[in-house]
Amino acid sequence: MRAAVAGDEGAYRMLLESMSTQLRAATRMRLARAGNGDRDVEDVVQETLLAIHLKRHTWRATEPIGPWVGAIARNKLIDVLRRRGRHAELPLDDELEATLAADSAESGVGLDVERVLSGLAERQRDIVRLVSIEGHSARAAAERLGMTEGALRV
């Protein structure tokens, strides 16, 4: 996405192709859970890709792309279900964000994170990895590293 926003058309095409595959799978699963079948999959995917295109300037390059795309996709799915006369309630934590986050790591964001982490001291790198990347609480990370929670926060 960074390259796409900077004007790299090839990168943008690859990004949209990768996203469309994942969006299609996640949307199919979400529609099935909503009892709607496959008939609206392409509508949701196309509306999501269009919204990503029109709003790509709102994505912050310092943030992961997965949650941003996931929120757009969830909203577009709800819009389609509402137009079809369905009451749409979807969980906030679902497979789409996890899938897109994993793909972001594979497509270069992970490389950026590793590059930044490599500039930190080993102890700082372990703390950032445990708390910010793996999602452990400060208490759990401190216990795992054999330090106090206060020292970890400092």
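The chain has eight helices and zero strands. Helices (H or I, at least four residues) and strands (E, at least two) are DSSP runs, numbered from the N terminus. The order of elements from the N terminus is α-α-α-α-α-α-α-α. The model is predicted, so local features need pLDDT of at least 70 and side-chain atom pairs count only at pLDDT 80 or more, while totals for chains, interfaces and linings use all residues. Residues are numbered from 1 along each chain as its sequence is written, and side-chain values use heavy atoms, leaving out hydrogens and water.

Of the 154 residues, 34% are buried (under 20% relative accessible area, 1.4 Å probe, protein chains only). The chain exposes about 9,400 Å² (Shrake-Rupley method, 1.4 Å probe). Carbon and sulfur atoms supply 53% of this area. Among contacts (heavy atoms within 4.5 Å) between residues at least 6 apart in sequence, 54% join residues at least 24 apart.

Two packed helices are described by the angle and the distance between their axes. Helix α2 spans residues 9-33 and helix α3 residues 41-55. They pack at about 140 degrees, with axes 9 Å apart. Axes are lines fitted to C-alpha atoms over the stretch in contact, and angles run from 0 to 180 degrees between N-to-C directions. The contact includes Leu-16, Met-19 and Leu-23 of α2 and Val-45, Leu-49 and Ile-52 of α3. Its residues divide into ten nonpolar, five polar and three charged. Asp, Glu, Lys and Arg count as charged, Ala, Val, Leu, Ile, Met, Phe, Trp, Tyr, Cys and Pro as nonpolar, and the others, Gly among them, as polar.

Methods: Buried means under 20% relative accessible area, exposed over 50%, partly exposed in between (1.4 Å probe, protein chains only).
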